[in-house]
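Open the structure in your viewer and keep the selection tool ready. We will go stop by stop.

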Amino acid sequence: MAEEYHRLGRSLPARPSKAANRSLLSKRGETRASFVIRDGTPEDVPAIARLHVVTFRQTHGGRGPTYEIREWQWRQAFANADGNWFCFVIERQNGDLIGFAKGIPYTGDLPDFAGELNKIYLLREYQRLGLGSRLIGYVARRFLSQCIQSMLLFGEARNPSNRFYEALGAERLLTDSGEFHGGYGWRDLRSLEARCPIE
Ligand SMILES: CC(C)(COP(=O)(O)OP(=O)(O)OC[C@H]1O[C@@H](n2cnc3c(N)ncnc32)[C@H](O)[C@@H]1OP(=O)(O)O)[C@@H](O)C(=O)NCCC(=O)NCCS
């Protein structure tokens, strides 16, 4: 996630308000219970790639990577379905995908962390409705089912979504000199699981 922000090097767009999105949800006749979270499959690749393009632009501004690039990346990922990584998608009643998250093993040099939240994106109009918490609850449970007890992510220090991680008890990961560059970690995924009901 972080390199994408740094490459763009610009201010991040403002996020929608919770009240506005609640109102849109009710106008569409949807409720929290209208959404299904499930594993993404190779058949979802075109929809995930489209969603990735749109959510990336909404989050970071600019054009971002094209549909063709995202489709290629997701096809490569699903071609290596070795059980080491996973992807959850959020589906509306009409079958459209409105959010996704990807988890991978963490193999970097921070010894306290074993899983990585590699991506998490919801369409703007579905943010602030509790769906992100539900989605991350699925991620925590999947890692725990793989005997992975901890998780980190590499984000961007200026992202308003950092309040989401902090609300869910993540700790800021600081450099040796005490600087914060957008990394967050949960040392105990059981506590994250407890905060994030999946129903
Ligand atoms: C980050 C993201 C996945 C969070 O999902 P969400 O459904 O919006 O978050 P939730 O509604 O579950 O929020 C849970 C809590 O986190 C906090 N929170 C979440 N987003 C926040 C924001 N923008 N500002 C302040 N607090 C926020 C709140 O405390 C919230 O609880 P509350 O609404 O009862 O006050 C979603 O907002 C998103 O897709 N953002 C854009 C993409 C992005 O930045 N991804 C991460 C880096 S790539």
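**Stop 1: a hairpin**

Select leucine 173: it stands opposite glycine 183 in E7. Residues are numbered from 1 along each chain as its sequence is written. This is a predicted model, where local features need pLDDT of at least 70 and side-chain atom pairs count only at pLDDT 80 or more, while totals for chains, interfaces and linings use all residues.

Helices (H or I, at least four residues) and strands (E, at least two) are DSSP runs, numbered from the N terminus. Now select E6 and strand E7 (residues 180-186): four bridges join them, and they run antiparallel. The two form a hairpin with five residues between them. Click glycine 178 in the turn; glycine 178 has a positive phi of about 85 degrees.

**Stop 2: the whole sheet**

Select the seven strands. They form an open sheet in the order E1-E2-E3-E4-E5-E7-E6, with mixed pairing. Two strands pair if DSSP finds at least two bridges between them. Strands of a sheet pair through backbone hydrogen bonds, either parallel or antiparallel.

Which strands are at the edges? They are strand E1 (36-39) and strand E6 (171-174), and each pairs on one side only. Neighbouring strands of this sheet are turned by 30 degrees against each other on average, direction ignored.

Zoom in on strand E3 (residues 97-105). Seven bridges join E3 to E4, and the two run antiparallel. Proline 105 has glycine 115 in E4 as its bridge partner.

**Stop 3: helices on the sheet**

Axes are lines fitted to C-alpha atoms, for helices over the stretch in contact, and angles run from 0 to 180 degrees between N-to-C directions. Residues are in contact if their C-beta atoms, placed from the backbone, lie within 7 Å.

Select H3. H3 lies across strand E2 (86-91), E3 and E4, at about 95 degrees to E3. Next select H5. H5 lies across E1, E2, E3, E4 and strand E5 (151-154), at about 30 degrees to E3.

**Stop 4: around the ligand**

How many residues surround the ligand? The shell has 21 residues, and the closest are Gln127, Gly132, Ser133, Arg163 and Ala167. A residue counts as near if its C-beta atom, placed from the backbone, lies within 6 Å of the molecule. Strand E4 (115-122), helix H5 (131-145) and helix H6 (162-167) are the elements that give two or more residues to this shell.

Definitions and conventions: Two residues are in contact if their C-beta atoms, placed from the backbone, lie within 7 Å.
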